[in-house]
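This report describes the strand pairing and the nonpolar cores of one protein model.

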Amino acid sequence: MNTPPSPTGAERTDGPPVLIGVLAPLTRPGWAEAGRHLLAGFELAAEEVNAAGGIAGRPLELVVRDTAADPRRAAAAVDELAGLGVAALAGEYHSVVARAAAARADALGLPFLCSSAVLDALTEQPTEWVARLAPTQSHGWRIYADFLLGAGHSRIAVAAEPSVYWASGVRVLRDHLAPRGGTVVELDMSAPDPTAVCDALARSGASAVLLLTGHPEPAVPIVAAVRRDPRLAGITIGAPAGQPEFPAWAASLGEDGAAVPFLRYLPERLGPLGTRVGAALRERLAEAPSFVAFEGYDTVAVLADVLRSHGADRAAVARSWPDVAVEGTRGEIRFSRTPGTGIRQWVWPPVQVVDRDPADPGRFRVLHTG
């Protein structure tokens, strides 16, 4: 889908617009629900920027492109957006797609503020052009591993589909758990048949199984099969990548989707800005906003602050990353160099392990914070 540039409500602004290119998975096989929440955050923040006078009197305009979770499509979109004159690039949810976008943005000299993708190494070489709001996968998944150990799980099975992202997650878990007496057992997911997964899990001796898989397929059928298998009655199901965060999970699984711990990047309590933005996002989405929607809002808030103070010159935007100090919906955002990433990183957004309450699957319980 090639979505044309669309105004974001610039009643009090004039002059040529300042363009921000936006990448998000808005159609399948991308996680379109995450993309919709990310875009809602972008749009709300852009509307507020324009209502407050825009960027030095110029309207802020989002130029949206759907990546559909396709790295090649994302790279092509970066080329197109650069040609359209965007001052900066924002967004993306899928890590492998964000990595392709980051590599192309670096090659073109286009500042890219990554909103949601967590794969540690977004670029092969260090770059000044890329910054990120989401925590690294290694940071979040180590916190998740600590939660598992604290809950008494030392032998953990992983149902992981082939992917750079999932393989990276398995390495993080194994490296963090092994020195602490934990063991990771990989289940064969070459043909992700739920019955075969249950059989392998029953043989594994694991007390927890982590779903490192796509959603809804095959995650939803696997959860349903595990819940109904009497051999696995005591098994904890986990989903560190956050599949249960979105309403479609609860709609698909009902009570079966409760008590599945996952990572989300929100504080235990939102401050005044986060509370206000959360209410506005809920109205816009007609459902509870995910942490991804807050990431979208914070992305535009940071870029707007940079554009106001440093102008729309791309090199000036990239040089500004070390100077960023913006009050976001989830805390003050500052960027620093982080080993193993090669980019500027917010160190750190708040990290929680949460699940849906079995007594009320529409309610989240905070199980662990990091």
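Two strands count as paired here if DSSP finds at least two bridges between them. The model is a predicted one. By that criterion, four strands make up an open sheet with parallel pairing, in the order β7-β6-β8-β9. The edge positions are held by β7 (183-187) and β9 (236-238); each has a single partner strand, so one side of each is left without a neighbour in the sheet. On average, neighbouring strands of the sheet are turned by 25° against each other, direction ignored.

Strands β6 and β8 run parallel and are joined by five bridges. Within this pairing, V158 has L210 in β8 as its bridge partner. Helix α6 lies across β6, β7 and β8, and runs at about 155° to β7.

The elements named around the sheet have these residue ranges:

| Element | Residues |
|---|---|
| Strand β6 | residues 155-160 |
| Strand β7 | residues 183-187 |
| Strand β8 | residues 208-212 |
| Strand β9 | residues 236-238 |
| Helix α6 | residues 194-204 |

The largest nonpolar core has 77 residues, of which L60, W141, V302, W321 and F335 touch the most other members. Helix α10 (residues 291-310) is the greatest contributor to this core, giving 11 residues. Another core, of 23 residues, lies apart from the largest one and includes V197, C198, L201 and I237.

Which residues does W321 touch, not counting those up to four places away in sequence? The contacts of W321 are P111, F112, L113, E128, W129, V130, A131, L303, F335 and R344.

Notes
Residues numbered from 1 in each chain as written. Predicted model: local features only at pLDDT ≥ 70, side-chain atom pairs only at ≥ 80, totals over all residues. Heavy atoms only, no water. Core = buried A, V, L, I, M, F, W, Y, C linked by side-chain atoms within 4.5 Å. Buried < 20%, exposed > 50% of the residue type's maximum accessible area, 1.4 Å probe, protein only. Helix = DSSP H or I, 4+ residues; strand = E, 2+ residues; numbered from the N terminus. Contact = heavy atoms within 4.5 Å. Axes fitted to C-alpha atoms, helices over the stretch in contact; angles between N-to-C directions.
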